[in-house]
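Here is a brisk tour of one protein chain, taken feature by feature. Keep the viewer open as you read.

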Amino acid sequence: GIIKDDPHQHAAVDALQRLDAELITGPRKPEGAKKGFFARLPAKGKDIRGVYLHGPVGRGKSMLMDMFYDSLPEGVARRRVHFHAFMLEVHRFLHEARQAAKGPNAGPDTALIRFAEKLAGGLRVLCFDEFHVVDVADAMILSRLFTALLDSGLAVVATSNWPPEKLYEGGLQRDRFLPFIALVKSRFDVVALAGPVDYRLRLLEDNGVYRWPLGEGAHLWAQELFTELSGGIAPESVTLELRGRTLDVARAARGVAWFTYAELCERPVGAEDYLAIAANFHTVFLEGVPKLRYDRRNEAKRLMLFVDALYDAGTRLVVTADAPPEKLYFGHDHAFEFARTVSRLLEMQSRGWLEKTEARQVQEAV
C-alpha cells in the first residue's frame, strides 16, 4: 500500500531488473556462445549496459533507482552520489594530478583513466542522481570520463530531468559534448518516465505550501515536507556558479533547496542570485519570514525580487511565516509593489498554480 503500481514506470523497472540480473549472473551471452560454469560468474567489463532514467520531476526516477540500489546483494559494492558533488570530486582529482604529474603522462586523459580505475577498484555500481550539465569544464571531459568509467567495469545508473540530447543544450562548445550524448545512447538503456502523475505535486497539494505562524509546529511541518519531497536523502551543501562568483546553498537534495529568511533577505543577495536558485531547483523552502515593518524595507525589496524570480521561472515555493501573505508587510516605501507579491504568494498556494508549474516542467523535460 505504500508503493502503487504505475504502468508508466514499467520500462524503467525492466531496465533496472535487467541490470540487477547481469550484475549477479553476468551479461546475457549471444546465441551460440559457449556455456559453462564460468559463464555464471559475475561479469565486470564493457558488456554491462548502464541505465539512464529521464523525465519530469515527481515521476519516481530516484525512487526506482534507490529501490534498485537497496536491493543489490551486500557483496555488490555500490555508491550513490549527487552528480554535482561527484564532478567536484573529479575536478579536485584532476587538479591534484596536474600538480603532481610531470612528463608525457601528465595530461587529463591519463588522469581520468587513473581516476576511473581507482574508483572501480572498490566499486561495482555507481548511481548518479540529478544528472545535469551546465558547466563547460564538466561538459568538455564527460565523454572521456564516462568511457573510462564504463571501460573500467563500473555499472552506471543515472537519473535526470533531461533526455541525453537535451543535456548542455545551448552550452559553450557543445559540439565537443556531442560524443558524450552518443556514448550514453550506445552504452545505456535510455528510459523516459513521463507519466501523467506528479507524486511530488500530490504531496504539496495534500500538505499545502504556506504555514503560519512561526514556531515549532511550522518548523516540523516544513522539515517533514522537505524530507518527503527529497525522498529522505540527507541534504548536502551545493555551490552554484554565477558570473565571476559563487552562491552557496547550505541544504539541497533532489532538486529541493532549503533557505532561511536571514540567508536570502537579510544579506546582500540580489536578483542574479535569485534567478540562479530558480533555475537550479524545482522546489524552494523559505523558512522564517517575519512581519515586515518600515525598518525592514530593504529586506522586503529582496523578498519581492525572490518571489518574482521563482514565480516567473515556475519554481514551487514552500514558506513558513509569521503571518498570512496579506498581513506580512506594514511599511510604506514598498506598499504598492508588495501588493503584487501578496497576490503571487496567494496564487502560488493554489492547485491551479501547482498544476501549471507541473505542466511547465514536463514541457521543459521533453
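## A surface pair: Lys166 and Glu169

This is a predicted model. Start with Glu169, which counts as exposed at 53% relative accessibility because the cut-off for that class is over 50%. Its partner is Lys166: the two form a salt bridge, with the closest N and O atoms 3.5 Å apart. Lys166 counts as partly exposed, at 25% relative accessibility.

## Salt bridges across the chain

The whole structure holds 19 salt bridges. One of them joins Arg49 to Asp189, with 3.0 Å between the closest N and O atoms. Arg49 sits in the loop between helix H1 (10-25) and S1, and Asp189 sits in strand S5 (residues 188-192), so this pair ties together parts that are 140 residues apart in sequence. Arg49 is partly exposed, with a relative accessible area of 30%. A network of salt bridges links Arg49 and Asp189 with Arg18 and Glu22.

Another salt bridge pairs Asp66 with Arg254. Here the closest N and O atoms are 2.0 Å apart. Asp66 belongs to helix H2 (residues 61-71), while Arg254 lies in the loop between strand S8 (245-253) and strand S9 (256-260). The pair links distant parts of the chain, 188 residues apart. Asp66 counts as buried at 14% relative accessibility. Arg254 is buried too, with a relative accessible area of 6%.

## A buried arginine without a salt bridge

Which side chain of opposite charge is nearest to Arg302? That is Glu299, 5.9 Å away. Arg302 is buried, yet has no salt bridge, because a salt bridge needs the charged atoms within 4 Å.

Arg302 lies in helix H11 (residues 297-313). Setting aside neighbours within four places in sequence, Arg302 is in contact with Leu264, Cys265, Glu266, Arg267, Pro268, Val269 and Tyr274.

Strand S4 covers residues 155-160, and six of its six residues are buried. Ala155, Val157 and Thr159 point one way from S4. Val156, Ala158 and Ser160 point the other way.

S4 pairs with strand S1 (residues 50-54) in the parallel sense, over four bridges. Val51 stands opposite Val157 in S4. Strand S3 (residues 125-129) also runs parallel to S4, joined by four bridges. Val125 stands opposite Ala155 in S4. From S3 the chain crosses through helix H5 (residues 136-151) to S4. This β-α-β crossover is right-handed.

## Aromatic pairs

How many aromatic pairs are there? The count comes to 19. One of them is Phe86 with Phe115: edge-to-face, 5.8 Å centre to centre, 65° between the planes. Phe86 is in helix H3 (residues 83-100) and Phe115 in helix H4 (residues 108-122), 29 residues apart. Phe86 and Phe115 are buried.

Phe131 and Phe146 form another pair. Their ring centres are 5.9 Å apart and their planes at 75°, so this pair is edge-to-face. Phe131 lies in the loop between S3 and H5, and Phe146 in helix H5, so the pair ties together parts that are 15 residues apart in sequence. Phe131 is buried, as is Phe146.

Ring pairs also build a cluster. Its members are Tyr52, Phe83, Phe86, Phe93, Phe115, Phe128, Phe131, Phe146, Tyr168, Phe177 and Phe180.

Key
Residues are numbered from 1 along each chain as its sequence is written. This is a predicted model: local features need pLDDT of at least 70, side-chain atom pairs count only at pLDDT 80 or more; totals for chains, interfaces and linings use all residues. Side-chain values use heavy atoms; hydrogens and water are left out. Helices (H or I, at least four residues) and strands (E, at least two) are DSSP runs, numbered from the N terminus. Buried means under 20% relative accessible area, exposed over 50%, partly exposed in between (1.4 Å probe, protein chains only). Lys and Arg count as positive and Asp and Glu as negative; His and the chain ends are not counted. Contact means heavy atoms within 4.5 Å. Two strands pair if DSSP finds at least two bridges between them. A crossover is right-handed if, with the strands pointing away from the viewer, the path from the first strand over the helix to the second runs clockwise. Rings of Phe, Tyr and Trp (its six-membered ring) pair if their centres lie within 6.5 Å; planes under 30 degrees apart count as stacked, over 60 as edge-to-face and the rest as tilted.
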